[in-house]
Amino acid sequence: MSFFGKEEENENVKKQGLSNTLGIDLGTLNTVVAKPSGDKFELYKIPSVVAVKKEEPSFVLAVGDEAKVMLGRTPEDIIAVRPLRMGVIESIAQAKALLVYSMEQGAGDGVENIERIVIGIPGDASEVEKKAVEEIGVEAGAKFVLVISEGLSAAIGAGLPIADASGTMIIDLGAGSSDVVVISLGGITDIETIRSGGDDIDTNIVKKVKETYNVEIGIHEAEKAKIKVGMVHSSTEIKPTSTQAIGKSLETNKPQKIDIDSIMIADAAEPIIIRLIEALSLILKNISPELIAGVYNKTIVVGGTSQLKGLKERIYEEVGIPVEISDDPMTVVAKGAAIVAAEPRALEPEVRLKAMK
Ligand SMILES: Nc1ncnc2c1ncn2[C@@H]1O[C@H](COP(=O)(O)OP(=O)(O)OP(=O)(O)O)[C@@H](O)[C@H]1O
Ligand SMILES: [Mg+2]
């Protein structure tokens, strides 16, 4: 089957596409760049952090790992910040620096050779937000920029049968935003976005620790504990485990070791899980009966937060859908974007997607 009309034209576009295109997941916590390479991808993971001058936050001094290293070790007039919050751009100058850096990582032989980039952003992004990302992409040096929903991109990256008429669903639980997307015939038929995710769980862990022990821990300690012993409430028995964190006693101001267990993390995650269940219930209320079997048969959960234990069980208990947790949760959005970038007609229903993993 020919994707682009004439066979030879097709070959040209494909060749050009494969060498000069990138897929980018501009995430709240991590930015992932996928570059098609044969039938695989080269992947670059960049922390979505930039170091800026405190007095002049658009003056970017370092990006990614380098900026992360500067955290806490820099003079007082330098701060490390995240250009995105809840999945959307907070500072144009900082986001541009992050995107340019990410494109440089992926481009290898120069950003000016990049023909096309596809960027995944939250599904409920406004026209203004979409435009901002597009403009940043062009300013960063790409000749053509396409912005697509992270959810759709994740579905393509995860190899879901998006072109089928029977329907399929993807749940993307990120750091700052979470999407539930139903797809059929290559397009989004239903979508619910929550501007909430793993970041809020971390904030709630800090609060719970403070309430329980009168000790204040840093947000990174909270995240570490979540990754180590994280769980969500479900009626399936999962043995809770525990880990230690060091915080500052609010009584003595001295460092204090405290225990954080899975139950505390499940409590901290509960408000986010409730919002997810509400979003899923809304989707199920609105979904056409033609798509329900497809969704029942094929729903995948991706994003870093999908790795919380008990999530699969809880979703089944609440909404009756047997979901599959992706074994590649953090890179599917970038891979899907890269597939679209290399093959711009990949979103059209009649196009059979290439099995690029
Ligand atoms: N093993 C784990 N268990 C639970 N949470 C995890 C685990 N590993 C990573 N996370 C969380 O996943 C989140 C990051 O996921 P991801 O990289 O998908 O987000 P993102 O794409 O940067 O954010 P967004 O899509 O919201 O812009 C963070 O909140 C992180 O703490
Ligand atoms: Mg994401």
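Of the 357 residues in the protein, 49% are buried, a residue being buried if 20 or more other C-beta atoms, placed from the backbone, lie within 10 Å of its own, exposed if 12 or fewer do, and partly exposed in between. The model is predicted: local features need pLDDT of at least 70 and side-chain atom pairs count only at pLDDT 80 or more, while totals for chains, interfaces and linings use all residues. Residues are numbered from 1 along each chain as its sequence is written, and chains are lettered from A and ligands numbered from 1 in the order in which they are written.

The C-alpha trace of the protein spans about 75 × 50 × 35 Å along its principal axes. A compact globule of 357 residues would have a radius of gyration near 21 Å, and the protein agrees because its value is 21 Å; the radius is taken over C-alpha atoms, and the globule rule is 2.2 Å times the number of residues to the power 0.38. The protein contains eleven helices and 18 strands, defined as DSSP runs numbered from the N terminus (helices H or I, at least four residues; strands E, at least two).

The protein is divided into domain 1 (7-155 + 332-347) and domain 2 (164-327), with bounds from an automatic or database domain assignment. Their centres, taken over C-alpha atoms, are separated by 25 Å. At the interface, 18 residues of domain 1 are in contact with 18 residues of domain 2, contact meaning that the C-beta atoms, placed from the backbone, lie within 7 Å. On the side of domain 1 that touches domain 2, β7 (84-85) and α5 (150-157) are the elements that give two or more residues. The largest share of that side, five residues, comes from α5. The residues of this side divide into nine nonpolar, six polar and three charged; Ala, Val, Leu, Ile, Met, Phe, Trp, Tyr, Cys and Pro count as nonpolar, Asp, Glu, Lys and Arg as charged, and the others, Gly among them, as polar.

Ligand 1 lies between domain 1 and domain 2, because both give residues to the shell around it. Of the 23 residues around ligand 1, Gly-27, Thr-28, Gly-174, Gly-198 and Gly-304 come nearest, a residue being near if its C-beta atom, placed from the backbone, lies within 6 Å. Helices α6 (198-213) and α7 (219-229) each supply at least two residues of this shell, and α7 gives the largest share, three residues. By class, the shell has five nonpolar, 14 polar and four charged residues.

Helix α11 (residues 332-342) is mostly covered, with eleven of its eleven residues buried.

Technical notes:
Two residues are in contact if their C-beta atoms, placed from the backbone, lie within 7 Å.
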